[in-house]
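Dear colleague,

I am handing over the structure below, together with some notes on what was found in it. Please have it open while you read.

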Amino acid sequence: MKRARILSFLLWALLGGAGLPGWSQAQPATLTYAVKGADTLWMHHYAPQGAANGMTVVFVHGGAFTGGDPVNQKPFAEGMTQRGYRVFVLKYRLYLKGKSFGCETATPEKLTAIKTAIEDVDDAGAYLVQHARTLGVDTSRMFLAGSSAGAEAVLNAVFNSYRPKGAAPQRRYRGVLAFAGAVLDINALTKEAWVPLLLMHGTRDQLVPYGTAAHRFCRAGDAGWLMMFGSHTILLEARRKGWPAVLYAYEGGGHEVSNYMFRRFHEMDNFMQAVVAQKPPAPALITCK
């Protein structure tokens, strides 16, 4: 009898603890997508729960390029897998680990941190395309998402000002979801690179500018002065060109909006469903409180 109970418990554990109080979804698989020097880069793979919708979300966590952990993104991943999505959460190189992304850190160091993250996001995407059949990924239904520093990484990976001049942009993703993100170069927002965007940003974000301003609002004399073009500026460009984008602007909101991927599942799901149905949003500003 005791042995039967133990075997039943182990079976439940392998199935993710379904039906057991206090159990969450099955633990994600860990996949290595690159090795760079002393850094082994990996991603957590969360399979869809229930009926799969065929869509994949690649998520990049925040942490000012100094910290952050894919493990902490589990609530987002589980919320999406419950809606049928396949989710990959990246571990990428933190160039400024143990340091600061503040105004005292020299701008070239900040740019190197962002460029390093862009490279890792690109490599992870290439890995998923290469192993798509094994992983159950439909490469025509992949979306890229990120929060805070991760939102900066994904936006600048798609609108990549580091790409050699004349090189064609990668069109790997159907759309981008960015929570409190910004781009380095407004000139990188081109028709060739554009994909539908879902943006969420607080209008009083004290770290990543909502419009056009210095990152963390550093002063011109600071070592880390770095101009960035935030969600509202990106939307204005989309409006001028008629490109698909929607911005949820939280009036008076600060940088906490970078964590809204943990709660705005309905908006995210609607956006991706519409894009896949070839009904991307017309440029729109949605004011929220």
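Is Cys-103 buried, exposed or partly exposed? Please keep in mind that this is a predicted model. Cys-103 is partly exposed, because its relative accessible area is 22%, and the cut-off for calling a residue buried is under 20%.

Cys-103 is also part of a disulfide, its partner being Cys-218, and the two sulfur atoms lie 2.0 Å apart. The pair joins distant parts of the chain, 115 residues apart: Cys-103 sits in the loop between β4 (86-90) and α3 (107-130), while Cys-218 sits in the loop between β9 (212-214) and β10 (227-230). The link between Cys-103 and Cys-218 is left-handed, with -90° about the S-S bond. When the whole structure was searched, one disulfide was found.

Cys-218, the partner in this link, is buried, with a relative accessible area of 6%. A further cysteine, Cys-288, has a relative accessible area of 16%, and therefore counts as buried as well, given that the cut-off is under 20%.

Turning to another part of the structure, Thr-81 belongs to helix α2, which covers residues 74-81. The relative accessibility of Thr-81 is 1%, so this residue counts as buried. If residues up to four places away in sequence are left aside, Thr-81 touches Tyr-46, Ala-47, Pro-48, Gln-49 and Val-87.

Note on methods:
Residues are numbered from 1 along each chain as its sequence is written. This is a predicted model: local features need pLDDT of at least 70, side-chain atom pairs count only at pLDDT 80 or more; totals for chains, interfaces and linings use all residues. Side-chain values use heavy atoms; hydrogens and water are left out. A disulfide is a pair of cysteine sulfur atoms within 2.5 Å. Helices (H or I, at least four residues) and strands (E, at least two) are DSSP runs, numbered from the N terminus. Buried means under 20% relative accessible area, exposed over 50%, partly exposed in between (1.4 Å probe, protein chains only). Contact means heavy atoms within 4.5 Å.
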